[in-house]
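Please open the structure in your viewer and keep the selection panel at hand.

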Amino acid sequence: MEEKVINIAIKNHVAYLEFNRPKANCYELGFMKQLIKCLHEANTNSSVKIIVIKSALEKFFSAGADIKVFEANTIEENKEMVKHAQQAANLLSFSKKITIAAIKGHALGGGLELAMACDIRLGAKENYFLGLPEIKLGLIPGNGGTQRLIRLIGKSAAFELLLTGDSIGPEKAFQLGLFNHLYDKETFEEAVSVFAENLAKGPAQAMTAIKQCIKGLEMPLEEGLTLETQWANTLYDTEDAKEGYAAFLEKREPRFK
């Protein structure tokens, strides 16, 4: 029986997916298959609004692909592993749910690529590193790293990190915009839960619409405005919109479904 390395727990409309493959959450094909299965479970659960990926390990979020397995594999086996990693990243990126990466330890290579596929990244204030070191192996990131990093932190900073393979700490990641928030390590788990579960109180359909509208960044302004109008028009007659109006008029907190 295959060892379970991804655990899923659902609480207050948040699905928490926890990596637990010591020593560094390095992934291979089995890891990715489990992650894909858990993501499908969370994505198809109508009660889930937010998906959080996190680590059970103290020092690592994920160090990316298992280099020992990668070296022992055939080229075709490695391509299959990368294909599954790309599928997992796309399930996070294109999910109708809001996806969050909670990082309190090293996130390197494919581990950072998974985090960048999420909509939001939360970091702990601690001594760890984030980077895409593939260039030092004579390779380049193959799971969205070049494309997502440049969109998150801009061309100049991303280009340098990709060319050198150098790593940065959490404070620098926050300064560059790679992290949305930094929390004290001692209260990190609680802060992540509070952040995610507060988001989960929001209107699911409107949050999905916001996520879709963000794609307008990669379009000419006129097309982006059209996209926004199309999604805005889907919301006017929803139960959540009616509840939002009523709550505003009654001066109370809305209770979205």
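The lining of the largest cavity divides into 10 nonpolar residues, 1 polar and 1 charged, where Ala, Val, Leu, Ile, Met, Phe, Trp, Tyr, Cys and Pro count as nonpolar, Asp, Glu, Lys and Arg as charged, and the others, Gly among them, as polar. This is a predicted model, in which local features need pLDDT of at least 70 and side-chain atom pairs count only at pLDDT 80 or more, while totals for chains, interfaces and linings use all residues. Residues are numbered from 1 along each chain as its sequence is written, and side-chain values use heavy atoms, with hydrogens and water left out.

Select Leu112, Leu130, Gly131, Leu132, Leu149, Ile153, Leu161, Leu162, Asp166, Ile168, Leu176 and Leu178 to display the lining of the largest cavity. β8 (130–131), α5 and α6 each supply at least two residues of this lining; helices (H or I, at least four residues) and strands (E, at least two) are DSSP runs, numbered from the N terminus. About 70 Å³ of space lies in the largest cavity, and the count comes to 1 cavity of 30 Å³ or more.

The search runs on a 1 Å grid over the protein atoms alone: a cavity is a set of points where a 1.4 Å probe fits but cannot get out, a pocket is an open set with protein on both sides within 12 Å along at least five of seven lines, and lining residues have an atom within 4 Å of a point. Grid points are joined across faces, edges and corners, and a volume is the space filled by probe spheres set on the points.

To centre the view, select Ser93, Cys118, Asp119, Ile214 and Glu218, which are the closest to its centre of the 25 residues that line the largest pocket. At least two lining residues come from each of α3 (75–93), β7 (120–125), α5 (145–153) and α9 (204–213), and the largest share, 4 residues, comes from α5. By class, the lining of the largest pocket holds 13 nonpolar, 5 polar and 7 charged residues.

The second largest pocket has a volume of about 430 Å³. Of the 22 residues that line the second largest pocket, Ala65, Phe70, Gly110, Glu134 and Leu139 are the closest to its centre. Colour α2 (67–72), α3 and α4 (110–116), each of which supplies at least two residues of the lining of the second largest pocket, with α3 giving the most, 3 residues. This lining has 14 nonpolar, 5 polar and 3 charged residues.

Now show α5 with helix α6 (residues 155–164), which pack at an angle of about 140° with their axes 7 Å apart; axes are lines fitted to C-alpha atoms, for helices over the stretch in contact, and angles run from 0 to 180 degrees between N-to-C directions. α5 and α6 are therefore oblique to each other, given that angles under 35 degrees count as roughly parallel, over 145 as roughly antiparallel, 65 to 115 as roughly perpendicular and the rest as oblique. To see the contact (heavy atoms within 4.5 Å), select Thr146, Leu149, Ile150 and Ile153 of α5 together with Lys155, Ala157, Ala158, Leu161 and Leu162 of α6. The residues of this contact of α5 with α6 divide into 7 nonpolar, 1 polar and 1 charged.

Move on to helix α1 (residues 29–43) and α3, which pack at about 25° with their axes 9 Å apart, and which are therefore roughly parallel to each other. On the α1 side the contact includes Leu29, Met32 and Leu35, and on the α3 side it includes Glu80, Met81 and His84.

For the last pair, display α9 and helix α10 (residues 221–232), whose axes come within 9 Å and cross at roughly 165°. α9 and α10 are therefore roughly antiparallel to each other. Ala209, Gln212 and Cys213 of α9 meet Leu227, Glu228 and Trp231 of α10 in this contact.

**Two backbone stops**

Most residues other than glycine have a negative phi, and most peptide bonds are trans. Zoom to the peptide bond from Pro22 to Lys23, which is cis, with omega near 10°; Lys23 lies in the loop between β2 (14–19) and α1. Finish at His13, a residue other than glycine whose phi is positive, near 70°, and which is placed in the loop between β1 (6–11) and β2.
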